[in-house]
Amino acid sequence: MQRRVFAIVTAFVLASGVALFGVAGASIASKPMSEQQWRKTADSICAQSNTLLDEASNTAFADVPSDQQPSIEQMSAYVSAIKPILQQQIDSIDALKEPTKLRAKVKKLLKTAQRELDAFVADPNRGFEGNPFSSTILLAGKLKLKDCA
């Protein structure tokens with residue numbers, strides 16, 4: 001059971017990346033992006049971050065046999081490796097000028113993602129107990145972010 005939860009957490013982190021790298025120009029615009037532009041940009045950033053998250057996972061869990069759980073030390077190292085990646089994602093999405101229609105949902109997504117990231121960093125054991133990003137996944141899905149949910 002614990003191995004399954006670990007796999008779910010890893011899969012989420014690899015697929016969710018709530019991030020936006022390389023969109024500095026998006027925050028400069030004075031008017032909000034269209035829904036299509038915002039979703040495309042957010043999904044593009046999530047896709048980019050997934051590569052970094054995959055590398056962090058491969059590095060942190062390289063020595064973990066497929067039939068075993070990682071140690072708390074390995075999980076802690078993993079959390080330390082993904083924290084800056086996910087924090088950049090949150091900050092980058094926050095820098096986008098989302099459509100007025102989506103503003104409340106985006107703010108809720110960002111607040112939830114930050115809360116769940118902070119909780120996972122504070123207690124890496126959450127990775128063994130269940131998916132520490134379950135609420136973020138749900139909210140990203142409601143915003144139709146395919147690469148982020």
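This is a predicted model: local features need pLDDT of at least 70, side-chain atom pairs count only at pLDDT 80 or more; totals for chains, interfaces and linings use all residues.
1. Let us start with a term you will need throughout: a residue is called buried when its relative accessible area is under 20%, exposed when that area is over 50%, and partly exposed in between.

2. Now follow Glu-35 to its partner. Glu-35 and Lys-101 form a salt bridge, with 3.6 Å between their closest N and O atoms. This pair links distant parts of the chain, since Glu-35 sits in helix α3 while Lys-101 belongs to the loop between α4 (72-95) and α5, 66 residues apart. Lys-101 has a relative accessibility of 68% and therefore counts as exposed. As background, side chains of opposite charge can pair when their charged atoms come close.

3. How many salt bridges does a search of the whole structure find? There are five. Another one to look up on the model brings together the side chains of Asp-94 and Lys-107, at 3.1 Å from N to O. Asp-94 lies in helix α4 and Lys-107 in helix α5, so this pair ties together parts that are 13 residues apart in sequence. Both ends are partly exposed: Asp-94 has a relative accessible area of 41%, and Lys-107 has a relative accessibility of 37%.

4. Stay with Lys-107 for a moment, please. Lys-107 also forms a salt bridge with Glu-98, where the closest N and O atoms are 4.0 Å apart. Is Glu-98 buried or exposed? With a relative accessible area of 3%, Glu-98 is buried. Through shared partners, salt bridges join Asp-94, Glu-98, Arg-103 and Lys-107 into one network.

5. Next, the disulfide. The count comes to one, and this bond joins Cys-46 to Cys-148, with an S to S distance of 1.8 Å. Here too distant parts of the chain are linked: Cys-46 is in helix α3 (residues 35-60) and Cys-148 in the segment after α7 (134-142), 102 residues apart. The torsion about the S-S bond is about 95°, which means that the disulfide is right-handed. Cys-46 counts as buried at 0% relative accessibility, and Cys-148 counts as buried at 1%.

6. Helix α3 also holds Asn-50. At 16% relative accessibility, Asn-50 counts as buried. What separates Asn-50 from Cys-148 in sequence and in space? They are 98 residues apart in sequence, and their C-alpha atoms are 8.9 Å apart in space.

7. Most residues other than glycine have a negative phi. Lys-144 is not a glycine, yet has a positive phi of about 65°. Its relative accessible area is 57%, so Lys-144 is exposed.

8. Finally, have a look at Val-121 in helix α5 (residues 103-122). Val-121 counts as partly exposed, at 31% relative accessibility. Which residues does Val-121 contact, leaving aside its neighbours within four places in sequence? They are Val-79 and Lys-83. Val-121 and Ser-76 are 45 residues apart along the chain, and their C-alpha atoms are separated by 8.0 Å.

Conventions:
Residues are numbered from 1 along each chain as its sequence is written. Side-chain values use heavy atoms; hydrogens and water are left out. A disulfide is a pair of cysteine sulfur atoms within 2.5 Å. Helices (H or I, at least four residues) and strands (E, at least two) are DSSP runs, numbered from the N terminus. Buried means under 20% relative accessible area, exposed over 50%, partly exposed in between (1.4 Å probe, protein chains only). Contact means heavy atoms within 4.5 Å.
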